[in-house]
Amino acid sequence: MRKKLLILALLLITGLLPASSYTIKLKNKGDLQNGSLRVPPTALISADYDEGEIAINISNFTGSAQAHLYDSNGNVVGNDSAEFMYDGTLTIEVGDLPNGNYTLNVVLLDITFYGEFQVPS
């Protein structure tokens, strides 16, 4: 039994067995001036893909937020938008995404964050 659990854990770690949850690392597409962001954002943002849903958690932000999910061909496969008063969550229902590469864009006022992730086979 212990051997089976160890093998299962190794398969999950090495990616040979598909997992249903992914953290999407977001980067700021902000304007650069002398190699650094002109105005650093104060908003805190994170995104996770789990069980057919992408949850984008936003805090320390007031204003309009939009999220768009694109497949590798540039087609929009999901989106959401909302007005925030300090914090909240945008949710994109995507069902079971087909295997492939995806890009998530999150726009807070005029600042765009993006993250790329892969849904393995």
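Predicted model: local features only at pLDDT ≥ 70, side-chain atom pairs only at ≥ 80, totals over all residues.
Let me begin with confidence. The mean pLDDT of the protein chain is 77, and 73% of the residues score at least 70. Residues 3-19 call for caution: pLDDT stays under 50 there, and the model has six contacts for this stretch beyond four places in sequence.

I turn now to the core. The largest nonpolar core has 25 residues, and within this core I56 and I58 touch the most other members. At least two residues come from each of the strands β1 (21-24), β5 (44-50), β6 (53-71), β7 (76-93), β8 (100-108) and β9 (111-119). Strand β6 gives the largest share, with seven residues. As general background, nonpolar side chains tend to be buried together in soluble globular proteins.

What does I56 touch, if residues up to four places away in sequence are not counted? The list consists of I45, S46, A47, A67, G88, T89, L90, I92, L104 and V106.

My last topic is the aromatic residues. The structure contains three aromatic pairs. In one of them, the ring centres of Y49 and F117 are 5.9 Å apart and the planes stand at 35 degrees, so this pair is classed as tilted. Because Y49 belongs to strand β5 and F117 to strand β9, the pair ties together parts that are 68 residues apart in sequence.

Are Y49 and F117 buried or exposed? Both residues are buried. Together with Y102, Y49 and F117 form one aromatic cluster.

Note on methods: Residues numbered from 1 in each chain as written. Heavy atoms only, no water. Core = buried A, V, L, I, M, F, W, Y, C linked by side-chain atoms within 4.5 Å. Buried < 20%, exposed > 50% of the residue type's maximum accessible area, 1.4 Å probe, protein only. Helix = DSSP H or I, 4+ residues; strand = E, 2+ residues; numbered from the N terminus. Contact = heavy atoms within 4.5 Å. pLDDT = per-residue confidence, 0-100. Phe/Tyr/Trp six-rings, centres within 6.5 Å; stacked < 30°, edge-to-face > 60°.
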